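Please keep the picture in view as I talk.

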Amino acid sequence: MSAPVLEVAGLAKAFGGVRAVDDVSFTVVAGELLAMIGPNGAGKSTCFNMLNGQLSADAGAVRLLGRDVLGMKPRAIWRLGVGRTFQITATFTSMTVRENVQMALLSHRHGLGSLLSRASARHRNEADALLGRVGMREQGDRVCGVLAYGDLKRVELAVALANDPKLLLMDEPTAGMAPKERIELMALAASLAREREVAVLFTEHDMDVVFAHADRIIVLDRGRLIAQGEPAAVRADPQVQAVYLGSGAMFGHEVPA
Amino acid sequence: MSFASILAQLLNGLAGASSLFMVAAGLSLIFGVTRVVNFAHGSLYMLGLYVAYSTVEFLGRTPLGFWGAIVVATIVIGALGALIEIAILRRIYRAPELFQLLATFAVVLVIKDVALAIWGAEELVGPRAPGLSRTVEIMGRRVPQYDLALIVIAPLLLLGLWLALTRTRWGALVRAATQDREMVGALGVDERKLFTGVFFVGAALAGLGGALQLPREPANLGLDLAVIADAFVVTVVGGLGSIPGAFIAAILIGVVKAFCIALGTQSVLGLEISFSKLTLVVEFLVMAIVLVVRPYGLLGRPPAQQRAVGEITTLPNMPDWRRWLPFVALLALIPFAAPDDRYLLVLLTDIAILSLFAVSLHVLMGPSGMVSFGHAAYFGVAAYAAAILMRKVQLPMEVAVAVAPFVAGAVALVYGWFCVRLSGVYLAMLTLAFAQITWSVIFQWDSLTGGSNGLTGVWPPAWLADKRVYFWLTLVLCALGIGLLWRMLFSPFGYALRAGRDSPLRAEAIGIDVRRLQWFAFALAGAFAGLGGALFAFSKGSISPELASIAQSTDALVMVLLGGVETITGPIAGAAIFTWLKDELARRTEYWRSVFGLVILALVLLFPQGVVGGLAMLWRRVRPAS
Ligand SMILES: Nc1ncnc2c1ncn2[C@@H]1O[C@H](COP(=O)(O)OP(=O)(O)OP(=O)(O)O)[C@@H](O)[C@H]1O
Ligand SMILES: [Mg+2]
């Protein structure tokens, strides 16, 4: 196994009295897909927000490639090679799909200081190539504000890939997609992880997707990490089954939302 | 400076603060529930004062007449507020916030002229309050009884408002709406009635605040903008939507001002500092400090969800210079077509300069999402810088014009550092505060700026003396400036600004330092506004503090909004229409402002996307059919 890309130790965050994330530790290595699962409100997004610097942590440590990144700004962490997609998509709605990706490329190449060149002409082919990978190339000229939700998720993925990330954080990347598209998108993420040795951490409510692609799974419940390990072991864990009892989601009959 | 003199000034300051609290509370209440920044709130205050004046004259100067007049003024102004809500604002709640602002600004213009028609341009001094006209001796100082009454009335009013807001069903609805507007609709409450009611109460508070000043302050036509600037400061310092915040802020500012007056001129470290002169700017300094420390005011909370400036639409294509060049060339030929029409030349020169001014503001308002209420600061600073460099430093005019934009840019860099820390309405109000500081400094620095008289003899050298040549120079420089700004909008930098407006979260997550870019954009826009200001100074031959005034700032705002924020060429159309209309109207009638206000209202109600935006939409509708 290669060296860990991301090491999280004793991470904690409370909102008022709510312990949203409580003493969570785990690692992700290059080329690995780690799924973080847990019921609604378990603290998954909060955890992500601390990893990319959007939220300050109350306690703990986050190391990226051996470097302490806690307390750094999101933009600085991004520069170290962390791509991120959001649970609620965040795109530039007044720009086209391609321009969204071009912005990330421009920023990655330190090209935003240019005052006189045409932004829409810069890194065009590269943007198209990225969009091709997520199946959005044909929609490159459409404005993000009018896209379907599933398509926005794909744009986000293309944007997140623009800086050649070492670590990819995907918060519910397949929400709003049809079941077939979900599998395809995660297959893409998996192949990226393998080819480019990217470490991928993702959250997902669709257990079919999780068990089809995750190398390992960590389970969060009310902020606490209650189980981690290979999919089969996690599935068999009685504590995990108790958390998911009644939803039936662990056993592959997900109730359509 | 003795304790007694401080106390006297303090009481005086508190008495003034009580009216300010009332206006600010009304403004805050209206904003909290309807999200409308009511620019006309100062006008309602002014009307309250006028109405009270006339009512006392009618009822007689007796205690009953006086207090009757206060009550009448309060109710009349409240009803007027409700009328404004029903007739105008109700129709445009769904339009972008800025359009509501534009509409209330039009109301300012109309009210000013109505007051001019009814009460004339002379100041009207009201009577002393019968029964409270004497003074009380406190520590050897004579303090007017009426001031003491005001100091008591304000907390009582606060108590009354607090009870109304916490103990009544209406108050519960108002608080619910202030926290979450959607919730009120969900509760099955008639939103219309609630909004009209809130406007009635908010306006009545402004009317009351004005009426109560009758014995202390002569009624005059300049009160509207002066009071709205003060009220903005108080609401923002206190926290938008917070009435106790407005109360604390009004007192804080009243006290600080009182101290400045009491301090008079002091020597600090060998420097003579006139604190009494500082009163004009001190409230804005307080505001700047508070906002940097507590960005949402003393008792304010971060806004739940701020709507972006406009509906987010894509930016139209970049204007093609090949298409615009013939147009500029055509404009350059006009002096040949009408060689003797000096009026036309002056008008065209003005339009060229103000187009640049408006486009530079648009860069901030549209793609960067930063609304500036104080863009004239940079226009004015550059005009003064150019004039001073030529007249006092004896630099050639060409050099002065070249340097002035850098001076404006440097000032914008300083102000911008504070402003980009905020967003939305708060940012807008901070820009207003800085502009007002600038205006005050220009107004008071007699030895350098000529004070209220301004500077004269600001003429260009011989080769530019011909109005036509000056027009050509202006045309070329302004067209170049506009071209550069437009090009910038479509550059990676301009896109990054838009990225920060569209989604600050995403922008930050892809490594964009939004604040820094905004800061730079702020300075850039200030510098280009400054180029306009410098050219303006030499086209007129004289300058006055007016160039940095709130009125000048709102002119630019109106131009941009008139043309359409979500367009590129809109600001130019807006500048042309505005300048031409203002000129035409001013030559024909003394009441040009109200006509202008009515035109704006008509446009806002008919074209909520601005003129160019509206025409573009019409065109899109017509085209498929043909
Ligand atoms: N900004 C915040 N302020 C207060 N509480 C918060 C905030 N963000 C999250 N929480 C709370 O923290 C807990 C964890 O929320 P989080 O969004 O991390 O859950 P999640 O696992 O991502 O859930 P979901 O599956 O619904 O996305 C919840 O109880 C939530 O209400
Ligand atoms: Mg989540």
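This is a predicted model: local features need pLDDT of at least 70, side-chain atom pairs count only at pLDDT 80 or more; totals for chains, interfaces and linings use all residues.

How far is an oxygen atom of ligand 1 from an N or O atom in the side chain of A:His205? The distance is 2.9 Å, which falls under the heading of a polar contact, meaning a pair of N or O atoms within 3.5 Å. Residues are numbered from 1 along each chain as its sequence is written, chains are lettered from A and ligands numbered from 1 in the order in which they are written, and side-chain values use heavy atoms, with hydrogens and water left out.

Ligand 1 also has an oxygen atom 2.5 Å from an N or O atom in the side chain of A:Thr46, and another such pairing, at 2.8 Å, involves a polar side-chain atom of A:Gln87.

A:Gln87 comes back at the magnesium ion, ligand 2, which is coordinated by A:Gln87 through OE1 and by A:Ser45 through OG, at 1.9 to 2.0 Å; donors here are N, O and S atoms within 2.8 Å of the metal (3.2 Å for Na, K and Ca), and since water is not among the atoms, sites may look incomplete. A:Ser45 lies in helix α1 of chain A and A:Gln87 in the loop between β6 (82-85) and α3 (97-108), so the pair ties together parts that are 42 residues apart in sequence; helices (H or I, at least four residues) and strands (E, at least two) are DSSP runs, numbered from the N terminus.

Finally, A:Ser45 has a relative accessible area of 23% and A:Gln87 one of 30%, and each counts as partly exposed, that is, between buried, under 20%, and exposed, over 50%, with a 1.4 Å probe and protein chains only.

Terms used: A polar contact is a pair of N or O atoms within 3.5 Å; within protein, one must be able to donate a hydrogen and the other to accept it, and residues adjacent in sequence count only if both atoms are side-chain atoms.
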